[in-house]
2 protein chains.
Amino acid sequence: MIEIKNIGEYLKVNKIMPSVQRVKIFEYLYTKRNHPTVESIHKELIDEIPTLSKTTVYNTLKQFVEKGIIQIINIEDNETRYDADTSTHGHFKCIKCGIVYDFLFDNSDIKINGLDNFDIHQTHLYIKGICKNCKN
Amino acid sequence: MIEIKNIGEYLKVNKIMPSVQRVKIFEYLYTKRNHPTVESIHKELIDEIPTLSKTTVYNTLKQFVEKGIIQIINIEDNETRYDADTSTHGHFKCIKCGIVYDFLFDNSDIKINGLDNFDIHQTHLYIKGICKNCKN
DNA sequence: TGTTACTTTGCAATCATTACAAAGATGAAA
DNA sequence: TTTCATCTTTGTAATGATTGCAAAGTAACA
């Protein structure tokens, strides 16, 4: 994952005006790296920014996705999660504790059969199971 | 994908009473193999079964998933799709025409780094891009 | 025929997401 | 500093997918 010293600058470079809300939302995604939902981002930041509306969280995340600085995680059908790490990596969700873990894999290892002459833009690898901590 | 001669029998073997609705819904998934949404299943079957309610489609699909005879496809965050093929295979969605294609890949090729001592239950590989037909 | 258990249906309720218009903030020009 | 234009945020209403639930329907069987 890329290193960012100044989030305001980083947003500007990506053609996003760094408002207080946007900086805090990106900071949350970038530092916590916990693949949050809209709900949990809003719940977490409402203390710091008491006027923060859920609409702003939705708008901001949509903008971040469009500018390519975050990605959507669809590992579960009833929740949309977000990730500030846009590098190639997979996601594991523990069906017991619900935590979403990152893991690494090499894209080039996967031999795909049946997509000749298809243009590939994004690859998502999702795994579900029981995490190490929940196996006790 | 497994071959099924008699859908009613197949449902019974999987501890599902083969009502007309259930047989038709499974038949649709199994024969069309087009990864439909609830909406499109309902729209397609309403002519054959004019009283079919959307709740029944939801209930039936949920039951099929619980019994393990279909799987959920979460390639897009705003639509849940269903697949009667539960063997290991990937899904490609064309961002132009919206068609979801199946493709094959070998699970054992993927070298995963970071999930030592995790129990893996399900693996989903989703790819988005432009399909062969839309490249013109 | 009556009973029981299971299934389907229709509608209401819920939850996530989007649309939209009003209010607020920012920054440049006068 | 004031004004103006532009962009952002906010709150509420609207939409759309999904679930809850109670009533009606169905099928097997005593």
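These questions and answers cover a predicted model.

Student: Which element gives the most to the side of chain A that touches chain B?
Tutor: Across the interface, 37 residues of chain A are in contact with 37 residues of chain B. On the chain A side, β1, β4 (100-105), β5 and β6 give two or more residues. With 12 residues, the top contributor is β6(A).

Student: How do the residues on that side of chain A divide by class?
Tutor: The side of chain A that touches chain B holds nonpolar, polar and charged residues. The division is 17 nonpolar, 10 polar and 10 charged.

Student: Which are the edge strands of the open sheet?
Tutor: The sheet has 8 strands, with mixed pairing. Their order is β5(A)-β4(B)-β3(B)-β6(B)-β6(A)-β3(A)-β4(A)-β5(B). An edge strand here pairs on one side only. The edges are β5 (112-113) of chain A and β5 (112-113) of chain B.

Student: Where in β5(B) does A:Phe105 find its bridge partner?
Tutor: β4(A) and β5(B) run antiparallel, joined by 2 bridges. In β5(B), the partner of A:Phe105 is B:Ile112.

Student: How many residues lie between β1(A) and β2(A) in their hairpin?
Tutor: β1 (residues 71-76) and β2 (residues 79-83) of chain A pair in the antiparallel sense, over 4 bridges. One of the pairs is A:Glu76 with A:Glu79. The number of residues between the two strands is 2.

Student: Is α2(B) roughly parallel or roughly perpendicular to α4(B)?
Tutor: Helix α2 (residues 20-32) and helix α4 (residues 54-67) of chain B pack with their axes 10 Å apart. Their angle is about 70 degrees. Angles of 65 to 115 degrees count as one class. So α2(B) to α4(B) is roughly perpendicular.

Student: Which residues of α4(B) make that contact with α2(B)?
Tutor: By class, the contact has 4 nonpolar, 3 polar and 1 charged residues. From α2(B) come B:Gln21, B:Arg22, B:Ile25 and B:Phe26. From α4(B) come B:Thr56, B:Val57, B:Thr60 and B:Phe64.

Student: Which residues are closest to DNA strand D?
Tutor: 19 residues surround DNA strand D. They divide into 5 nonpolar, 10 polar and 4 charged. At least two residues each come from α2 (20-32) and α4 (54-67) of chain A, and from α3 (38-45) and α4 of chain B. The closest are A:Met17, A:Ser19, A:Gln21, A:Thr56 and B:Thr80.

How values were computed:
Residues are numbered from 1 along each chain as its sequence is written. Chains are lettered from A and ligands numbered from 1 in the order in which they are written. This is a predicted model: local features need pLDDT of at least 70, side-chain atom pairs count only at pLDDT 80 or more; totals for chains, interfaces and linings use all residues. Axes are lines fitted to C-alpha atoms, for helices over the stretch in contact, and angles run from 0 to 180 degrees between N-to-C directions. Angles under 35 degrees count as roughly parallel, over 145 as roughly antiparallel, 65 to 115 as roughly perpendicular and the rest as oblique. Two residues are in contact if their C-beta atoms, placed from the backbone, lie within 7 Å. Ala, Val, Leu, Ile, Met, Phe, Trp, Tyr, Cys and Pro count as nonpolar, Asp, Glu, Lys and Arg as charged, and the others, Gly among them, as polar. Two strands pair if DSSP finds at least two bridges between them. A residue is near a molecule or strand if its C-beta atom, placed from the backbone, lies within 6 Å of it.
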